[in-house]
Amino acid sequence: MSLPPEVLKKVKLLEISTRRLVNNLFAGEYHTAFKGQGMTFADFREYVPGDDIRSISWPLTARTGKPYIKTFEEERELTLILAVDVSGSSDFGTGPYFKGEVMTHMAALLAFSAVKNNDQVGLLLFSDQVEHFVPPKKGRGHVNRLLRDLFYYKPKSHRTKLSQGFSYLQGVLKKRATVFVFSDFMDHSFDQSLRLLGRKHDVVACVVNDAAEYSLPDMGVIEVQDAETGEIVTVDTSSADFRKRYEDEVLKRKDQRDKLLRLSQVERVDVKSSEDYVNPLVAFFKKRK
């Protein structure tokens with residue numbers, strides 16, 4: 001299937017900017033933030049004072065008459081899964097990018113970091129259903145395919161049910177993986193499914209917000225549409241009482257979301273769509289060290 005020129009242009013521009021970030025900033029941070037799967041035997045070398053005597057190879061020492069130790073290397077290969085919420089609420093933003101675009105850029109940054117470390121990457125797009133899944137593979141060509149899917153895929157649903165995506169990953173991932181979930185997490189009752197996923201896998205919740213979601217400016221009487229249900233209502237934003245009730249309700253939902261994330265017991269990164277998204281990730285990686 002051929003892609004529209006504007007999509008290919010977006011993918012190319014994102015690849016160029018992301019690769020520069022990976023080379024200049026992320027190369028070491030990603031590598032050290034995520035541990036490998038274990039240690040494998042690499043070679044023998046002569047013993048020097050200070051080496052752990054438990055590493056001595058007694059058979060080789062007996063044959064050569066000199067003490068030798070075994071050396072090991074970390075198995076670096078990881079499986080990285082990028083789980084991206086493509087419900088209607090991702091199509092909102094008051095900065096340079098919508099929330100969904102910020103999620104795409106963050107996913108690209110992690111994907112190219114994984115490629116540089118020879119890790120395999122997979123992609124899950126979800127709404128209130130599993131929209132699209134690409135099994136993990138290695139290579140730059142595979143990552144470009146994932147970016148095209150992120151930009152070009154048209155969701156079948158605009159609604160959100162996070163537990164659908166989490167339960168699907170729990171079933172499809174047979175080996176331990178590192179899972180980054182990109183969403184605003186404005187949903188109900190997802191804590192149990194996310195906690196179960198986190199017991200088997202290394203899960204990080206990337207919470208993407210937009211500041212305008214928490215307060216309404218005075219714009220008089222306007223029509224607003226719910227991004228997920230499509231419902232259109234007329235509201236009077238000049239009413240201070242209405243704006244106060246709106247903000248109270250949004251803060252209530254935010255507090256509920258934060259409680260569910262705490263119950264999920266997974267790590268968390270907060271990103272504002274109107275601000276830089278790289279620094280929060282770098283800070284998170286440094287903290288994990």
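1. Throughout this note, a residue is called buried under 20% relative accessible area, exposed over 50%, and partly exposed in between, with a 1.4 Å probe and only protein chains considered. Leu251, at 42% relative accessibility, therefore counts as partly exposed. Leu251 lies in helix H7, residues 240-264, where helices (H or I, at least four residues) and strands (E, at least two) are DSSP runs numbered from the N terminus.

2. The model is a predicted one, in which local features need pLDDT of at least 70 and side-chain atom pairs count only at pLDDT 80 or more, whereas totals for chains, interfaces and linings use all residues. Residues are numbered from 1 along each chain as its sequence is written, and side-chain values use heavy atoms, with hydrogens and water left out.

3. As to the overall fold, the protein chain has eight helices and ten strands, and 45% of its 289 residues count as buried. Among the contacts in the protein chain with a separation of 6 or more, 75% are made by residues 24 or more positions apart, a contact being heavy atoms within 4.5 Å. The protein chain exposes about 15,400 Å², of which carbon and sulfur atoms supply 52%; accessible areas come from the Shrake-Rupley method with a 1.4 Å probe, and for residues only the protein chains shown count as cover.

4. Helix H3 (residues 99-116) and helix H4 (residues 140-152) pack at an angle of about 170°, and their axes are 10 Å apart. These axes are lines fitted to C-alpha atoms, for helices over the stretch in contact, and the angles run from 0 to 180 degrees between N-to-C directions. Angles under 35 degrees count as roughly parallel, over 145 as roughly antiparallel, 65 to 115 as roughly perpendicular and the rest as oblique; H3 and H4 are therefore roughly antiparallel to each other. On the H3 side the contacts come from Thr104, Ala107, Ala108, Ala111, Phe112 and Val115, which meet Arg140, Val143, Asn144, Leu147, Leu150 and Phe151 in H4.

5. The structure holds ten salt bridges, each defined as a side-chain nitrogen of Lys or Arg within 4 Å of a carboxyl oxygen of Asp or Glu. One of them joins the side chains of Lys99 and Asp184, at 2.9 Å from N to O. This pair links distant parts of the chain, since Lys99 is in helix H3 and Asp184 in the loop between S6 and helix H6 (191-200), 85 residues apart. Lys99 is buried at 0% relative accessibility, and Asp184 is likewise buried, with a relative accessible area of 4%.

6. Further salt bridges deserve a look together. The side chains of Arg257 and Asp258 meet at 3.2 Å, N to O, and both residues are buried. The side chains of Arg268 and Asp270 form another salt bridge, at 2.9 Å from N to O, but here Arg268 is partly exposed at 31% relative accessible area and Asp270 is partly exposed at 39%. Salt bridges that share partners join Lys254, Arg257, Asp258, Arg268 and Asp270 into one network.

7. Strand S6 (residues 178-183) includes Ser183, which is buried with a relative accessible area of 0%. Not counting residues up to four places away in sequence, Ser183 touches Asp85, Met103, Leu162, Cys206, Val207 and Val208. In the loop between S6 and H6 lies Phe185, which is also buried, at 0%, and which has a positive phi of about 60° although it is not a glycine.

8. A positive phi of about 60° is also found at Gln265, again not a glycine. Gln265 lies in the loop between H7 and strand S10 (267-272) and is exposed, with a relative accessible area of 66%.

9. Val130, Tyr168 and Val172 make a nonpolar surface patch of about 190 Å². Patches are made of residues with over 30% relative accessible area and no salt bridge, like charges being joined within 9 Å and nonpolar side chains (Val, Leu, Ile, Met, Phe, Trp, Tyr) within 5 Å. Val130 is in strand S5 (residues 130-137) and is partly exposed at 31% relative accessibility. Leaving aside neighbours within four places in sequence, Val130 is in contact with Leu124, Leu125, Gln164 and Tyr168.
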